[in-house]
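Here is a short tour for someone meeting this structure for the first time. Keep the viewer open and follow along.

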Amino acid sequence: MTRTDPAVSPRTRFRGGAAAPYEDPSLPVTERVEDLLGRMTTEEKAGLMFHSQGVMGPAGEFVEDAALMQWGEPVRDMVENRHMNHFNLVGGAEPEEIAAWHNKAQEVALATRLGIPVTLSSDPRHHFSDNWAMSTAARGFAQFPETTGLAAIRDEETVRQFADVVRREYLAVGIRVALHPQIDLATEPRWSRISGTFGENADLTGRLAAACIKGLQGETLGPHSVAAMTKHFPGGGPQKDGEDPHFPYGREQVYPGGMFDLHLAPFLKALEAGTSQMMPYYGMPAGTGMETVGFGFHKGVITGLLREKLGFDGIVCTDWSLLHDTVHGEARAWGVEHLTASERALKVIEAGCDQFGGESSPGLVVDLIRAGTVSEERIDASVRRLLREKFVLGLFDNPFVDVDAAASAVGTAEAVLAGRDTQSRSVTLLKNTGDLLPLAEGTRVYVEGVDPATAAGYGTVVAAPEEADVAILRLHTPYDRRTGPLEKYFHAGRLDFDAAELAPVLDVCATVPTVVDIYLERPAVIPEIAGASAALVGNYGAGDGPLLDVVFGRRAPEGRLPFPLPRSMADVARQRPDVPSDGADAVFPYGHGLAFTESS
């Protein structure tokens with residue numbers, strides 16, 4: 001289906017009859033919001049306050065039978081029977097499949113009594129990480145390094161251009177809310193979510209966050225914008241023991257260095273940039289004197305700080321699954337585990353939030369209103385915010401996308417080249433003994449972790465280290481392998497290579513001059529490798545080609561470390577989780593990065 005004529009309202013096109021004032025594009029947004037709000041039932045208002053998963057089928061199809069779904073619920077049921085119309089798209093698919101899925105969801109929504117269109121959101125889809133709870137690896141979309149790689153380049157215009165690519169590609173498939181940027185500070189080296197941040201520096205993070213929001217939304221939010229849901233207010237980096245609050249053992253955020261305001265600072269820049277939405281994190285502050293409840297339940301943080309002190313009147317959506325247990329684990333109701341789902345919902349509303357992320361039970365809010373526990377006026381305040389964004393984004397006037405055009409509009413040659421170039425630019429040269437790099441074209445190379453066919457386009461690939469002039473090894477930052485249904489996707493715990501993992505690397509280094517590349521998903525502990533390698537580079541998401549472009553000098557490395565690389569796990573354990581660069585003797589400090597003219 002192609003885009004509808006914006007001069008024809010969705011209600012007129014799909015239902016017939018005269019258009020209501022809220023369907024008239026010539027009226028001011030405020031008038032349209034008030035007209036629609038006055039027509040809504042309590043159930044329809046409550047439905048607007050829930051932002052659940054929209055799960056695609058294995059082939060990208062719009063699944064309507066719950067029995068055919070591994071998890072999640074059919075979107076048709078949530079739209080028609082629970083009046084919901086905000087969905088986080090889960091699953092990877094080709095761009096045209098996403099566009100078709102989106103249009104089907106819009107058809108279902110526009111056939112309801114009021115024809116309120118669907119707002120489709122997504123976690124990042126333009127990087128390498130593939131964790132369904134946080135991100136989806138690029139499939140059809142242009143592929144850039146993780147945001148730590150953007151931080152390594154340290155250029156606001158590069159980030160703005162990246163976000164503009166995201167905006168254009170999201171628009172083409174119907175995604176109108178980005179569940180990013182994630183602007184937490186990477187001050188706890190073990191934390192599993194570091195790769196989604198802009199590193200440990202608050203000033204740099206704030207500047208890059210503002211550039212990202214401008215790239216997604218433009219100077220003002222409008223029909224050509226993707227709304228940014230900036231996360232995780234007021235800063236989700238200082239996790240006790242580096243554990244993540246998706247899980248009960250990681251629920252505490254701690255500030256032994258007294259750095260709460262430092263972690264808050266990037267969000268001030270996001271507010272200045274006009275972020276449309278904000279997401280608080282699961283974590284609860286411990287040992288601060290603040291109420292020890294998760295930030296989504298925290299009135300002092302949401303109303304007192306974000307709304308009243310900082311003046312934010314945009315949408316606040318909780319992180320996912322605060323009310324109910326799921327097949328993936330218990331509800332993240334940290335500090336209020338003893339409350340019922342209804343009591344938790346009340347606390348979220350009283351905290352000042354507008355939407356429940358990852359939940360699909362509007363009946364809870366309906367019951368609270370009918371019991372007189374929550375006033376209709378309080379619910380109206382949230383519904384106004386949610387409706388306003390739909391109108392400003394143009395969803396009422398032009399809800400569909402052009403499925404046929406989606407394939408050609410996403411992953412264009414220009415966007416793919418920009419992503420590849422950014423991958424190369426972000427590569428960080430940590431060590432370059434005797435100016436080993438760049439290698440000469442045709443150098444005899446032994447490779448591990450590199451596609452030999454790709455490497456053959458740069459050098460002469462040999463079968464053993466003894467036959468090579470240089471070895472090239474690609475490694476990944478270590479982590480503890482966990483087996484829980486969700487935990488297995490979170491790379492947490494140790495950062496150092498054990499003896500069995502080190503031995504083959506050090507053997508190659510002892511045999512031939514070796515270039516070691518490490519994917520710095522988190523700050524790796526690599527003193528032995530740093531000592532034994534002839535050249536050492538770090539990447540934050542780079543394909544073999546973009547990496548070899550740097551190794552063979554076709555592209556210069558520009559990256560600077562967005563966090564230090566610690567010397568030992570004992571030093572990591574001693575660091576204060578809220579303090580940047582708190583290690584005693586880093587192997588490489590924050591900001592380290594060489595050019596080819598420098599040796600180390």
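Leaving out residues up to four places away in sequence, G459 touches G442, T443 and F552, where contact means heavy atoms within 4.5 Å. You'll find G459 in the loop between α16 (452–455) and β13 (460–461). Those labels come from DSSP runs numbered from the N terminus, with helices being H or I runs of at least four residues and strands being E runs of at least two. At 9% relative accessibility, G459 counts as buried; the cut-offs are under 20% relative accessible area for buried, over 50% for exposed, and partly exposed in between, using a 1.4 Å probe and protein chains only. G459 and I349 sit 110 residues apart in sequence, and their C-alpha atoms are 61 Å apart in space.

A quick word on what you're looking at. This is a predicted model, in which local features need pLDDT of at least 70 and side-chain atom pairs count only at pLDDT 80 or more, while totals for chains, interfaces and linings use all residues. Residues are numbered from 1 along each chain as its sequence is written, and side-chain values use heavy atoms, with hydrogens and water left out.

Next, go to the loop between α19 (544–551) and α20 (569–574), where R560 lies. F563 has its place in the loop between α19 and α20 as well. F563, at 1%, counts as buried. Setting aside neighbours up to four places away in sequence, R560 touches A152, R154, T428, Y540, G591, H592, G593 and L594. With its neighbours within four places left out too, F563 is in contact with T148, I194, E200, L520, R522, P523, Y540 and Y590. As for distances along the chain, the C-alpha atoms of R560 and V159 are 15 Å apart despite a separation of 401 residues. For F563 and P589, which are 26 residues apart along the chain, the C-alpha separation is 7.2 Å.

R154 is in the loop between α6 (147–153) and α7, and at 34% relative accessibility it counts as partly exposed. S321 isn't a glycine either, and its phi is positive at about 65 degrees. S321 belongs to the loop between β9 (315–316) and α11 (341–351), and it counts as buried because its relative accessibility is 5%.

| Bond | Omega |
|---|---|
| F233 to P234 | about 0 degrees |
| L437 to P438 | near 5 degrees |

P234 is in the loop between β5 (227–233) and β6 (252–254). P438 is in the loop between β11 (428–432) and β12 (444–448).

Now for some helices. α7 (residues 156–173) packs against α8 (residues 202–217) at an angle of about 35 degrees, with the axes 7 Å apart. Here the axes are lines fitted to C-alpha atoms over the stretch in contact, and angles run from 0 to 180 degrees between N-to-C directions. Which residues of α7 and α8 make the contact? On the α7 side they are E156, V159, R160, A163, D164, V166 and R167, and α8 brings R207, L208, A211, C212, G215 and L216.

Among the buried residues of α5 are P95, W101, H102 and L110.

Finally, the rings. A search of the whole structure finds eleven aromatic pairs, meaning Phe, Tyr or Trp rings (six-membered for Trp) with centres within 6.5 Å; planes under 30 degrees apart count as stacked, over 60 as edge-to-face and the rest as tilted. The rings of Y281 and Y282 have centres 5.5 Å apart and planes at 35 degrees, so this pair is tilted. Y281 counts as buried at 1% relative accessibility, and Y282 counts as buried at 2%. Elsewhere, ring pairs link Y22, F391 and F396 into a cluster.
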